[in-house]
Amino acid sequence: MPRGPLMIIGGAEDKLRRRTVLQDFVTASGGRESRIAVIPTASSIGEEIVAVYAALFGKLGAAQVEAVDPTSRDDAHDEDLVAALDDATGIFMTGGNQLKLSSIINGTPVGQAIVRAHRRGAVVAGTSAGASIQSSHMVAFGSGGATPKQRMTQVAAGLGLLTSSVIDQHFEQRNRYGRLLMIVAQSPALLGLGVDEDTAATVTHEIDDTTGAEREVMRVTGRGAVTVMDGSRMITNAFEAKRSAPLLASGVVLHVLPAGAAYDLTRRELLPGETVIDPEDAAELEAVGKDLRRMARDIAASDASPTVLRRRMSRLRKLRSAEQSPLDDQPDPLPAALLEPARTPENGATR
């Protein structure tokens with residue numbers, strides 16, 4: 001069975017309006033047949049945060065939501081908690097303190113059950129702290145800032161669901177460029193992934209059509225972007241810089257990937273993007289298309305005289321100039337009232 005998708009969420013995902021990221025998680029977990037386990041261990045308000053996500057996931061169509069909340073390493077050996085994870089189709093780790101989360105579940109039966117769920121095909125998602133722990137190396141804590149400096153952050157072991165990488169979250173909002181680049185400078189073999197708020201980096205395991213080899217492909221959804229730092233061929237002085245000195249970091253390949261972008265994490269290269277059309281835009285385009293097809297039928301049926309059509313077009317131009325600002329790139333949908341079949345003396349009425 002193929003491994004399940006990983007959803008790496010940068011924190012502060014939209015919970016009130018479109019809820020795009022959370023809806024994607026529920027859908028990937030099985031929708032109305034999903035069994036979701038929420039792990040609030042990183043949070044200091046575990047019971048309350050579970051109640052919030054249970055209500056959200058239920059409203060988005062989840063069939064079952066259950067809390068799995070070990071508060072100590074002893075709790076993380078509880079067979080009932082492990083059984084709940086083994087039965088889940090989706091696992092969601094909340095935000096909070098990622099070092100607390102790591103120190104409680106890494107190397108325990110609960111941690112092993114999360115890895116096992118991923119390998120059997122379940123969706124494993126996490127926001128903020130729950131995002132950081134999915135990588136092989138995890139940002140434990142550290143300060144923000146744009147310039148990488150020696151010792152500005154500390155790294156701990158993650159669950160290793162995403163190999164040879166390090167993840168940081170709230171990336172643009174908390175200015176965490178420097179600390180992620182510091183880790184990449186110290187360990188250039190790691191791929192640095194910085195995920196913005198209300199943004200998800202969804203990683204799937206796919207088979208390369210050309211080579212037949214398995215690869216990890218990341219696709220971006222949500223409001224922000226994912227920043228990728230590839231230090232494969234970088235030059236750095238991280239091995240000799242003292243105390244909190246700024247670091248030399250030259251030759252880093254930087255990718256900033258907005259929604260719709262795709263990136264091959266295995267080969268470290270950008271993939272051709274897929275065109276994503278907003279559902280509201282698609283509905284608007286469909287309505288315009290119907291109106292235009294209706295006008296074409298009217299003209300073809302010769303039930304509108306040239307004089308009537310000229311009047312229609314004149315009224316449309318006046319309407320557009322009144323309703324559109326000079327900066328609008330696209331016209332508004334044609335009003336349906338103007339596209340009604342013209343009534344002429346032949347069909348019993350006059351325009």
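Guide: We begin with burial. A residue counts as buried when its relative accessible area is under 20%. This is a predicted model. Take Phe57: its relative accessibility is 0%, so Phe57 counts as buried.

Visitor: Which residues of helix 1 are buried?

Guide: Helix 1 spans residues 20-28, and Val21, Leu22, Phe25 and Val26 are buried there.

Visitor: How do the buried residues of helix 1 fall when seen down its axis?

Guide: They lie within an arc of 135°, so they line one face of helix 1.

Visitor: What follows just after helix 1?

Guide: Gly30, with a positive phi of about 120°.

Visitor: Now the rings. How many aromatic pairs are there?

Guide: Rings pair if their centres lie within 6.5 Å. By that rule the count is six aromatic pairs. One of them joins Tyr53 and Phe92, 4.7 Å centre to centre with 45° between the planes, a tilted pair. Tyr53 sits in helix 2 (residues 46-59) and Phe92 in strand 4 (residues 90-93). The two are 39 residues apart, so to speak of this pair is to speak of a link between distant parts of the chain.

Visitor: Are Tyr53 and Phe92 buried or exposed?

Guide: Tyr53 is buried, at 3% relative accessible area. Phe92 is buried too, at 0% relative accessibility.

Visitor: What kind of pair do Phe57 and Phe92 form?

Guide: Planes over 60 degrees apart count as edge-to-face. The planes of Phe57 and Phe92 stand at 70°, with ring centres 5.3 Å apart, so this pair is edge-to-face. It also links distant parts of the chain: Phe57 belongs to helix 2, Phe92 to strand 4, and 35 residues separate them.

Visitor: Which residues do ring pairs link into a cluster?

Guide: Phe25, Tyr53, Phe57 and Phe92. Phe25 is also among the buried residues of helix 1.

Visitor: Last, cavities. How is empty space found?

Guide: A probe the size of a water molecule is rolled over the atoms, and this shows where empty space is left. Here, a search of the whole structure finds one cavity of 30 Å³ or more. The largest cavity holds about 50 Å³ of space.

Visitor: Which residues line the largest cavity?

Guide: Arg35, Ile36, Ala37, Gln64, Glu66, Ala84, Asp87 and Ala88. By class, four are nonpolar, one is polar and three are charged.

Visitor: Which element gives the most to that lining?

Guide: Strand 2, with three residues. Strand 2 (35-39), strand 3 (64-67) and helix 3 (79-87) each supply at least two.

Methods: Residues are numbered from 1 along each chain as its sequence is written. This is a predicted model: local features need pLDDT of at least 70, side-chain atom pairs count only at pLDDT 80 or more; totals for chains, interfaces and linings use all residues. Side-chain values use heavy atoms; hydrogens and water are left out. Buried means under 20% relative accessible area, exposed over 50%, partly exposed in between (1.4 Å probe, protein chains only). Helices (H or I, at least four residues) and strands (E, at least two) are DSSP runs, numbered from the N terminus. The arc is that of the directions from the helix axis to the C-beta atoms. Rings of Phe, Tyr and Trp (its six-membered ring) pair if their centres lie within 6.5 Å; planes under 30 degrees apart count as stacked, over 60 as edge-to-face and the rest as tilted. On a 1 Å grid over the protein atoms alone, a cavity is a set of points where a 1.4 Å probe fits but cannot get out, and a pocket is an open set with protein on both sides within 12 Å along at least five of seven lines; lining residues have an atom within 4 Å of a point. Grid points are joined across faces, edges and corners, and a volume is the space filled by probe spheres set on the points. Ala, Val, Leu, Ile, Met, Phe, Trp, Tyr, Cys and Pro count as nonpolar, Asp, Glu, Lys and Arg as charged, and the others, Gly among them, as polar.
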